[in-house]
Amino acid sequence: MKDIYIGIDLGGTFIKSGIADADGKILSFYETPTECGQGVEHVAENISAAITRLFEDAKSNGFAVTGIGLSIPGFIDSANGTVIASDNIRWYGVPIKKMIAERFGNIPVSIENDANCAALGEALFGSGEKRKNCVLLTLGTGVGSGIIINGKIYSGNRSAGAEVGHIIIHPRGKKCTCGGRGCLETYASATALICETKKTVKKHPDSLMAEVGADKIDGKTAFDYREKDKYAAAIVKKYIDDLSIGLISIANIFRPEAIILGGGVAKQGESLTGPLNRKLKESIIYAHSGPEVPVICATVKEAGMLGAAALNMQF
């Protein structure tokens, strides 16, 4: 009987659930509403219903469920199975591991932060190509991050570390949502890029980007216009310069086998990674004698779910 693993990627809007084998092949996948506004118990029931459905799929195909993994946004105490704080789903001090485990008998249950799970999924089954040491940054609303060291998630003391998005790149810089100033997130997130683009268009109405309309400007706009609009080119250059400062620090601290970029901005592909790779090759310590640190784009669509499933895999 083939061993398979259940992965649950819990988001504010949807629960993504699936079963995967040890090679990362997704054998079943579903997406159902989270309904977090109806309370913790209701969401736990929704998670349990998704897991029950996956157990039925496994049984009908002759598979044996070996473990259940949960990917959850926020500050997660993975050792004790508790969500310390998750503003995204409004959970505080929720013993979700116990709540799920008591519904499914002796099947092991593990939980982790969503960015850590996405990093693990990418490292094992995506662009990481089974690299054992890599760092993932998700360039979205904020800058999420996950660190994989020797094939394992590194999350720091009581799972409170690995917040790469809060490296200080500009002391006394812009105020960050974390309360600090000058964090990488305030300059390298998609939110920061959109904000800078809108500000530039307002200041320079002669910019070609103005034709998009202020309400339709997104993280692609500056990249789309960079070849024909000097203002767009300046935005992209500053964005890449700021992001590279953070990546150089990451490379010098961890010397990973790769830095993986995910999220909406990473869809720019070579337009983003090309100049970043050139900057890293020029600027990281021992650039010419030490191992390179390539910057690459994430490739796994359901990395969070796969990473959650992988929490119970043995490698």
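Predicted model: local features only at pLDDT ≥ 70, side-chain atom pairs only at ≥ 80, totals over all residues.
**Entry 1: Thr197**

I located Thr197 in helix 5; helices (H or I, at least four residues) and strands (E, at least two) are DSSP runs, numbered from the N terminus. Residues are numbered from 1 along each chain as its sequence is written, and side-chain values use heavy atoms, with hydrogens and water left out.

Is Thr197 buried or exposed? I found Thr197 buried, because its relative accessibility is 0%; buried means under 20% relative accessible area, exposed over 50%, and partly exposed in between (1.4 Å probe, protein chains only). I then listed its contacts (heavy atoms within 4.5 Å). Leaving aside neighbours within four places in sequence, Thr197 is in contact with Met209, Ile217, Thr221, Ala222 and Ile235.

**Entry 2: Nonpolar cores**

I next looked up the nonpolar cores, each a set of buried Ala, Val, Leu, Ile, Met, Phe, Trp, Tyr and Cys residues joined through side-chain atoms within 4.5 Å. The largest has 41 residues, and Leu137, Tyr239 and Leu272 have the most contacts inside it. Helix 7 gives the most to this core, with 11 residues. For Tyr239, not counting residues up to four places away in sequence, I noted contacts with Leu139, Tyr187, Ala188, Ser189, Leu193, Phe223, Val265 and Leu272. Apart from this core lies another, of 31 residues, including Leu54, Phe63, Val83 and Val94.

**Entry 3: Helix 1**

Helix 1 (residues 40-60) has 21 residues and reaches 30 Å from its first C-alpha to its last, close to the 30 Å expected at 1.5 Å a residue; the expected span is 1.5 Å times one less than the number of residues. Its buried residues include Val43, Ile47, Ile51 and Leu54. Among the elements that cover the buried residues of helix 1 are strand 1 (2-10), strand 4 (63-72) and helix 2 (96-101). Gly62 follows helix 1, and its phi is positive, near 75°.

I traced an open sheet of five strands in the order 11-10-9-12-13, with mixed pairing; two strands pair if DSSP finds at least two bridges between them. Strand 11 (152-154) and strand 13 (295-297) are the edge strands, each pairing on one side only. Strand 10 (residues 143-149) pairs with strand 11 in the antiparallel sense over three bridges. Ile147 stands opposite Tyr154 in strand 11.
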